Amino acid sequence: MKKKLIVSILSIFMAYGSTAYGAVEETHWVMKELKDYKQYIVPYRDNASTQGTITQNEWNSFQRNVLDSGKLDKPILLDDWATALKMAADLPEKNRDAWISMYVHELGQGKGITRENAVGGMVKLLIGSYFTGSWSAEEVKPAKALLDLQDINDNQRGLVEIAYIHGILDDSVKEKFRPNDRLTNAEAISMMFRVMGELAYDKPDLPANHWLGEELASAYQSNKLPKPMLKVLRRAFQDPMNAERNIPVGLWHEMLVSGLPVPAYLKEKAFMYTLAYDKDGGILRDRAVVGITKLGKNPRSATAEEKMKAEQAFADYRDAFDSDKIAVAYGDGLLEGQSGQSFGVHGYLTYAEAAALAIRSSLRETLNDTPLLIDEKTALQIAKEKDPDSEAEWKATFKKGLVLHDNTNRIIYDGWVVEAVYPAGNKIVVYIDAGTGKIMVLSEIEAFL
């Protein structure tokens, strides 16, 4: 009797707690932005961000304090605000700690920070990543709509104006900015949502009538470029005049790895095809093409026909570091050439050329994704044909980016992993290509007695 009573009381408590939590979710002004913001920061939770990671302790504190729906209206802790900015701003690793100290901790008051100092520091950290810091009086004129603009400290007013015209102030700002209020968790979430979800993914600027302009616009309209790549492109062209400058090899590495479906096991070795080709801080065109072809889903060698066509297209084809890969890239449509034209194998890769190569390669990988013709039911049928009369328990799990090594080659495919567990404990595992239904691997695992 007593046990039943305890269970009943717990049930009532849990039901009440659930209702209260739901009420907060439904009514708080930031909840819609919070749901999307959580998706933006998943790579940091999973330690998979291409622009650096935060520590486990920083993530735990951020999740415990900032993302807790019961603490949304509490002032954000200074350390948690620093974590939010590390995830949102693309900061160079060598300067990250010093800049966070200068634009977060030195502007804080106790364990918190005022809204004017938070926004001023945020804009300082975003300058150079997503926009420049030079604005005319006419450009920032719309910020005059803030009734308390003159109450903002002179050191921060211009920075708040920049945040206003970029649309990255939090959604609580209507007529007033409230510069001296403490920044809350909800307000921080709202601003970071706008930075990570909108500002970071805008199409970059190019000089007027630039040859890359039409292709870049088409790529963005397709909505098929990976989000990490959009952030790298945005940062690369924050100065439109970068287009014809030589791209730093480190930025080329980021652009390539963020745009291609590079398997996890190869990401650690990706430097071999990018950073290892460093030439005075840049990268030569022919070396860059090697990276493009080596880091795609299924690297290959050129056919005899592709080599012949590449030699016809580029007068300096045979001078390339790896002419085979020039032929592969030309055959795949990643390079454009006319009869007798020079590829410029000894020239440095420019920002615009890098973007074109990375975008074309990324879109090609997307377009060449084999549709999933094999569903779970069909996968189970295919696997069961290997032992149709067994009493095993069957289970199928879909996996992306499975890797099959075949001598010196590797094949990457999306597939079903079907397991059959027998009463004695032994099992068989069948790997099936989800696009073709072909069994790629079949293994038997004996139970340990």
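Which loop holds asparagine 209? In this predicted model, local features need pLDDT of at least 70 and side-chain atom pairs count only at pLDDT 80 or more, while totals for chains, interfaces and linings use all residues. Residues are numbered from 1 along each chain as its sequence is written, and side-chain values use heavy atoms, with hydrogens and water left out.

**View 1. Asparagine 209 in its loop.** Asparagine 209 lies between helix 9 and helix 10 (213–222); helices are DSSP runs of H or I with at least four residues, strands are runs of E with at least two, and both are numbered from the N terminus. The phi angle of asparagine 209 is near 60 degrees, a positive value in a residue other than glycine. Asparagine 209 is exposed, at 83% relative accessible area (exposed is over 50%, buried under 20%, partly exposed in between, with a 1.4 Å probe and protein chains only).

**View 2. Arginine 178 and helix 9.** Arginine 178 sits in the loop between helix 8 (154–165) and helix 9. Its phi is near 60 degrees, a positive value in a residue other than glycine, and arginine 178 is partly exposed, with a relative accessible area of 26%.

**View 3. Helix 11.** Of the 10 residues in helix 11 (residues 227–236), 8 are buried, so the helix is largely enclosed by the rest of the structure. Lys231, Arg234 and Arg235 are among the buried residues.

**View 4. Tryptophan 252 in the nonpolar core.** The largest nonpolar core has 111 residues, and Trp252 is one of those with the most contacts inside it, as are Tyr37, Trp81, Met122 and Met192. Such a core is a set of buried Ala, Val, Leu, Ile, Met, Phe, Trp, Tyr and Cys residues joined through side-chain atoms within 4.5 Å. Helix 17 (residues 351–367) gives the most to this core, with 9 residues. Leaving aside neighbours within four places in sequence, the contacts of tryptophan 252 (heavy atoms within 4.5 Å) include Ile247, Thr274, Ile292, Leu349 and Leu357.

**View 5. The loop around phenylalanine 271.** Phenylalanine 271 is found between helix 13 (264–267) and helix 14 (285–294), and is partly exposed at 41% relative accessible area.
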